[in-house]
Amino acid sequence: MKITLVKEKAFYTSVLSIMLPVALQQAINMGVNMLDTMMLGSFGEVQLSASSLANQYYAFFSVLCMGIIGGSSVLAAQYWGAGNSEKVRETFSMALRLAVGAALFFTVLTLSIPDRIMRIYTSEPAVIDQGVRYLRITAFIFAIHGTGLVAAQLMRSVGQAKLGLVVSIISFVINILANYIFIFGKFGAPRMEIAGAALGTLLARTAEFAVTFLYILVIDKKLRLRPKHLLVSPSPAFYKSYFCLGAPVLVSDALLGLGGNIVSVILGHMGAAVVAGNAICQVIDRLCTVVISGISNASGIITGNTIGLGDKRQAIEQGETFYLLSIIFGAVGSVLIFLLGPLTISLYRVSSETIQITRQLMNAYVVIIFFQAVQSVMTKGVLRGGGDTKFLMKADILFMWLVSIPLGIASGLIFGWPAWLTMLCLRADYGIKSVWCVSRLMSGKWIHEADGLREIKSL
């Protein structure tokens, strides 16, 4: 298999300009998550497990938002590459409307049946009770976080990657201070424990929302998106153009989000110690893959911009370069987890059973993270940036739902296999998807222009 690497220095400069702010943003977010789990871990496995499971439900909403972003960012990047700012602004208006609609649905659902939501993830009454406390506060986060996340992510498509980093730094400071004050009851505040963690998250997300839209609607001079643009509904033809690319992305990400929740359900019914152990592993996993997340974002944006310029040959060359980068940084991530995993576990005050399970799970993550890197850069980056969304939807349906989830259910809930082996079964789709997506990349059949962009070029 011959790989052609990009030789131009400008390409790697562009990658770094997008990758570094995203990586730093992810590192800050993971730092917050690590401190959250450490603070709640001081109260035992029950509260740690409850917040982890409740956040999996919230993560489902975040994945849907990323689905909205995935389709719209392809359009935004290609329109921006074609020099059509008006269409980029129309893309923002449409994406924010979709995010508000999803947020309202989740808010009503969470306020109405928080106990039923938690029962999906676990049958342990103590964990359910603590999870309900968390959900009743985080129900008010959906609208502000959904719209803020969509807006900040789309700004990356027009070269404004630093906005997300600045917002994350502000959120980090507020979240840590608020968590410390309200979880432990400092400076005269009531000791709220898990509810304090939820309140800290709410305050941090509110600050993110305010800063993001203040910058986009008032300060930004590049895109010049203003409130009047958001009041104008996109045309039916534009929605059609979006859903040609966006519908498969929404379906794909919805299935991935739902699949991720089923993973949590399986682990939740294996006991609080397993959930707590996986929560610890996820923190170090995400901390060691921040660069991979940055490369994934960069690959999608750069690929979309290149296709918008009409240079398919260069897009293919860039895609192969990103594939090689995913292999390199996937291997680095595996080594980091192997080295840092034991040190991370020592930071938590949990039972000996949880420590043992966490160590075993950490070894499984050493293997998982390599394939996670390759499939992430290919699916969320290169192929999606190339508009190959229908292929990716098929990959997600086939491998997660027909392979990983059935294997996970069988191993964890029927045969009672250990948590580490169950986790390998649940992530088997990463390896299969990596191979399939690389084959697609090398075939050169993954480049698709948005219908709306074709119309622009035909004028």
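Reader: Leaving aside its neighbours within four places in sequence, which residues is V150 in contact with?
Author: V150 touches C65, I69, A95, L96 and A99, once the neighbours within four places in sequence are set aside. Keep in mind that this is a predicted model.

Reader: Okay, and which residues have the most contacts inside the largest nonpolar core?
Author: Those are F61 and V150, in a core of 64 residues. Helix α2, residues 45-81, gives the largest share of this core, with 14 residues.

Reader: What does the second core include?
Author: That one is separate and has 29 residues, among them I307, A315, M378 and C437.

Reader: New topic: how many salt bridges are there?
Author: The count comes to seven. One of them joins E86 and R89, with the closest N and O atoms 2.9 Å apart.

Reader: Where do E86 and R89 lie?
Author: Both are in helix α3, residues 85-112, and they sit three residues apart, about one turn of the helix.

Reader: Is R89 buried or exposed?
Author: R89 counts as buried because its relative accessibility is 14%, and the cut-off for buried is under 20%.

Reader: What about E208, which side chain does it meet?
Author: E208 forms a salt bridge with R205, 2.8 Å from N to O. Both belong to helix α8, residues 194-219, and E208 is buried, with a relative accessible area of 10%.

Technical notes:
Residues numbered from 1 in each chain as written. Predicted model: local features only at pLDDT ≥ 70, side-chain atom pairs only at ≥ 80, totals over all residues. Heavy atoms only, no water. Core = buried A, V, L, I, M, F, W, Y, C linked by side-chain atoms within 4.5 Å. Buried < 20%, exposed > 50% of the residue type's maximum accessible area, 1.4 Å probe, protein only. Helix = DSSP H or I, 4+ residues; strand = E, 2+ residues; numbered from the N terminus. Contact = heavy atoms within 4.5 Å. Salt bridge = Lys/Arg side-chain N within 4 Å of Asp/Glu carboxyl O.
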